[in-house]
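I opened my notebook and went through one structure, one feature at a time. Follow along with me, and keep the model in view.

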Amino acid sequence: MAAKIISGKEISQEIRQELRQEVQELQEKHGVVPGLVTILVGENPASVSYVTAKQRTAKDLGFYSVQENLPEEVSEDELLQMIEKYNKDEKIHGILVQLPLPKHINERKVIHAIDPRKDVDGFHPVNVGKMVIGEPCFLPCTPHGILVMLHRAGVEVDGAEVVVVGRSNIVGKPIANLLLQKRKPVGNATVTVCHTGTRDLAAHTRRADILIVAAGRPKVITADMVKEGVVVIDVGVNRIGTTPEGKAILCGDVDFEAVKEKASAITPVPGGVGPMTITMLMKNTVEAAKLWAGLPSEVG
Ligand code: NAP
């Protein structure tokens with residue numbers, strides 16, 4: 001069986017079209033323009049490319065968007081002051097500090113400094129706590145994107161055996177948590193989380209109806225590790241080389257070519273989870289703008 005390809009690129013385009021319309025209506029009916037600031041420290045090439053893509057999308061959707069570029073050696077205090085400035089800025093509804101940060105800056109302090117009502121990345125402990133107990137909040141963008149992909153691809157999650165490989169705070173833990181909740185339209189699954197301490201990874205992955213892989217290891221999931229008909233969500237983005245033109249060559253955490261012959265549906269890399277992450281950041285920013293304007297919002 002050759003798998004259906006779940007295209008994050010296409011689903012993203014649908015959602016971006018819906019957001020574009022919503023942004024227009026917000027402006028026309030309420031005079032509200034969603035505002036997003038992205039703060040980049042240093043020049044890590046992957047971070048530069050993520051921030052550039054976020055800014056481009058924000059502009060394309062009609063947001064008010066600000067890009068702040070700080071030098072690698074900026075002090076923690078200066079960064080915290082900048083966050084405080086945007087916490088108070090009425091035109092800004094979402095603050096994104098691109099991670100990772102240089103070693104001399106305490107990432108935890110930075111995340112804590114962002115007003116939880118502007119935390120469009122969903123990393124502030126207030127939002128993480130609300131997510132865990134199922135209250136309205138900003139969901140972290142990658143897990144949020146996975147929920148939407150599963151839903152729009154028509155995958156039956158209720159009652160499914162879900163196996164998540166990876167337990168990071170930004171992907172593994174939140175997606176496992178969201179899928180085990182009795183939430184509609186996507187949730188109520190039986191969830192297993194695997195990590196480097198897992199004794200027999202394949203024994204778990206072979207039981208999965210839905211396999212979500214966020215390990216950051218190229219092709220760690222091979223065809224013999226999955227069952228026929230599995231739905232595979234590959235979160236991994238691994239740079240395995242560069243083209244002669246200098247473009248990064250990417251691959252996922254799943255051996256796509258081999259696994260797609262057994263799966264019923266699978267996400268590609270690139271063009272899978274990646275575009276969804278940026279789109280959900282935009283969705284969170286629109287919801288933040290509604291929250292600050294006192295309009296009904298999914299985040300509070
Ligand atoms: P991370 O913080 O590096 O965590 C990786 C997790 O995978 C850890 O929990 C680790 O276990 C586990 N792991 C690693 N190798 C394993 C193995 N061989 N068997 C079982 N578990 C293993 O990763 P992350 O931030 O979640 O990112 C994961 C991948 O997703 C990366 O490639 C990243 O670039 C990508 N990503 C993509 C997007 C997107 O938008 N597409 C967004 C975020 C991340 P331990 O806890 O035991 O170390």
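**Entry 1**

I started with Lys 219, which sits in the loop between β7 and β8. For these labels, helices are DSSP runs of H or I with at least four residues, strands are runs of E with at least two, and both are numbered from the N terminus. Lys 219 has a positive phi of about 50° although it is not a glycine. At 45% relative accessibility, Lys 219 counts as partly exposed. My cut-offs here are under 20% relative accessible area for buried, over 50% for exposed and partly exposed in between, using a 1.4 Å probe and protein chains only.

This is a predicted model, where local features need pLDDT of at least 70 and side-chain atom pairs count only at pLDDT 80 or more, while totals for chains, interfaces and linings use all residues. Residues are numbered from 1 along each chain as its sequence is written, and side-chain values use heavy atoms, with hydrogens and water left out.

I then looked up Asn 188, in the loop between α7 and β6 (190–194). Asn 188 also is not a glycine, yet has a positive phi, of about 65°. Its relative accessible area is 30%, so Asn 188 is partly exposed.

Pro 100 lies in the loop between β4 and α4. The bond from Val 269 to Pro 270 is cis too, with omega near 0°, and Pro 270 belongs to the loop between β11 (265–266) and α10. I noted the background: most residues other than glycine have a negative phi, and most peptide bonds are trans.

**Entry 2: the ligand**

I turned to the ligand and found 22 residues around it, with Arg 167, Ser 168, Thr 196, Val 237 and Thr 277 coming nearest. A residue is near a molecule or strand if one of its heavy atoms lies within 4 Å of it. By class, this shell has ten nonpolar, ten polar and two charged residues. In that count, Ala, Val, Leu, Ile, Met, Phe, Trp, Tyr, Cys and Pro are nonpolar, Asp, Glu, Lys and Arg are charged, and the others, Gly among them, are polar. Helix α10 (residues 273–292) gives the largest share of the shell, three residues.

Next I checked polar contacts (pairs of N or O atoms within 3.5 Å; within protein, one must be able to donate a hydrogen and the other to accept it, and residues adjacent in sequence count only if both atoms are side-chain atoms). A polar side-chain atom of Thr 196 is 2.4 Å from an oxygen atom of the ligand. A polar backbone atom of Val 235 is 3.4 Å from an oxygen atom of the ligand. For Gly 274, a polar backbone atom is 3.5 Å from a nitrogen atom of the ligand.

**Entry 3: salt bridges**

How many salt bridges does the structure hold? I read off 16, each a side-chain nitrogen of Lys or Arg within 4 Å of a carboxyl oxygen of Asp or Glu.

One of them pairs Glu 18 with Arg 152, the closest N and O atoms being 3.0 Å apart. Glu 18 lies in helix α1 (residues 8–30) and Arg 152 in helix α6 (residues 141–152), so the pair ties together parts that are 134 residues apart in sequence.

I also looked at Glu 25 and Lys 29, whose closest N and O atoms are 3.9 Å apart. These two are four residues apart in helix α1, which separates them by about one helical turn. Glu 25 is partly exposed at 38%, whereas Lys 29 is exposed at 62%.

**Entry 4: the inside**

Last, I looked up the largest nonpolar core, which has 54 residues. Such a core is a set of buried Ala, Val, Leu, Ile, Met, Phe, Trp, Tyr and Cys residues joined through side-chain atoms within 4.5 Å. Those with the most contacts inside it are Leu 150, Leu 179, Ile 210, Ile 212 and Met 282. Helix α10 gives the largest share of this core, nine residues.
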